[in-house]
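Hi everyone, thanks for coming.

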Amino acid sequence: MHEELVDRRRWIGEGRFLHALSFCMLLPGPEAQQLAIYVGWLLHKTRGGIVAGVAFVLPSFFLMLVLSWTYAAHGEVDWIEGLFAGLSAGVLGMVVAALLRIGGRSLRNAFAVAMAAASLLSIFVIGVPFPIVVLGAAALGYVVSRTRPDVVSVPAELGEDDAGAAIDDVAASASHTQPSTRRAIKVLIVGLAVWWIPLLAVIAWRGRGDILSQQAVFFSTASLVTFGGAYAVLAYVNQAAVYRFGWLTPTDVVAGLGLAESTPGPLIMVTQFVGFLAAYRFHGDLTPVVAGVLGSIVTVWATFAPCFLWIFLGAPFVERIRGHRRLGAALGAVTAAVVGVIASLALTFGVNVLFDGVFYREPFLIPIPLPRLGTVDPWAAVIATAAFVALRRFGLNPALVAVGCGVVGLVHALVA
């Protein structure tokens, strides 16, 4: 998005792009989707934001729908099972590469490292709920910036706007970028209605105990409390969908991430896979396919509809803010905590992908997956390592790496 919007098309300038990105990183939910809405809104008002946000998601929705059905209906066929096994191993390498990439940018001092370590311990070992960890990190970063500003790192992207595209000057003086209380109240009312009326209709139709109603509430909650991008959202979804609700297994979640990594569109579409598979398996009086499709729609709506509300409500006010140090300190602490969250995801994936034998211990609030050391899967280890090297050393396209891992898994299943 940066290459297209700033470098090639020059629709907006560097400073404004990074300022918008920083705001989106502080919001709950998928930051890439929110950034697309923000830029669309900045350039062409509300209609531009709606078009950008819908176009960002819709194509991958249909593609992920087909892939989710394939996994649910035919996942036990040997060659398809091999394909997903290869994808899952590749995903492990991708998550580790993402962990090092984000950690290299975020862990700039001892405070950030301590935040990441505390986050990992809280999420993986103790089982502290994800929202508490991230919101606590933001609050701590803000407080420490006031008492010990010398120990807090502020991300560079909160700097002043630089000489960008001509549209920056136009957008800065446009009427829709000027905040007002009346407009904010109108946006809040309309946004909440668009978000919740369809979901409340589903709950009224199916009843509160139905899987679709549970998904409406859960993914709406996730859209409120998950910060730090797709990997962080997935850590929260994994914790709830596997351990709290029992909808999926850890292997299912890894396979879903592999599908999302290997297809066009935002990585956060893995939530659609979770929604489809959960509804498909717990379909009640509906047919599995109908339940899965409805689960996909409910999940995607609950995940992405709030993004429009956050941007349309907050963007005009954010356009007035430049170089806010305490906001930057909160962002830096959240980003450091997210490194710990992704590390917990990597550990969970690693145990379930690399070992055939896994057992669980529950010292605190959630079970911790532990490997049986004699059950390591050498093929999975080779594929995961190759994916990591391809991304980290050679910088290959993640989608190509994911597809390659799937093909290797497929070939191994056919010849084994």
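Let's start with α3, which has a kink of about 150 degrees centred on H44. The bend at a residue is the angle between axes fitted to the seven residues ending there and the seven starting there. Helices here are DSSP runs of H or I, at least four residues long, numbered from the N terminus.

Before I go on: this is a predicted model, where local features need pLDDT of at least 70, side-chain atom pairs count only at pLDDT 80 or more, and totals for chains, interfaces and linings use all residues. Residues are numbered from 1 along each chain as its sequence is written, and side-chain values use heavy atoms, with hydrogens and water left out.

Back to α3, residues 31–74: how far does it span between its end C-alpha atoms? Only 33 Å, while a straight helix of 44 residues would span 64 Å at 1.5 Å a residue. That expected span is 1.5 Å times one less than the number of residues.

Now the pairs. The axes of α4 (residues 78–106) and α16 (residues 398–415) come within 7 Å and cross at roughly 140 degrees. Axes are lines fitted to C-alpha atoms, for helices over the stretch in contact, and angles run from 0 to 180 degrees between N-to-C directions. That angle makes α4 oblique to α16; under 35 degrees counts as roughly parallel, over 145 as roughly antiparallel, 65 to 115 as roughly perpendicular, and the rest as oblique. The contact (heavy atoms within 4.5 Å) includes W79 and M94 of α4 and P398 and L414 of α16. By class, that contact has twelve nonpolar, five polar and one charged residues. Nonpolar means Ala, Val, Leu, Ile, Met, Phe, Trp, Tyr, Cys and Pro, charged means Asp, Glu, Lys and Arg, and the others, Gly among them, are polar.

Next, α9 (residues 211–225) packs on α13 (residues 288–318) at about 25 degrees, with axes 9 Å apart. So α9 is roughly parallel to α13. Among the residues in contact are F219 of α9 and W310 of α13. The classes here are ten nonpolar, six polar and no charged.

Last pair: α5 (residues 110–126) and α6 (residues 130–147) pack at about 160 degrees, with axes 10 Å apart. They are therefore roughly antiparallel. Their contact includes F111 of α5 and F130 of α6, and divides into eight nonpolar, three polar and no charged residues.

Terms used:
Helices (H or I, at least four residues) and strands (E, at least two) are DSSP runs, numbered from the N terminus.
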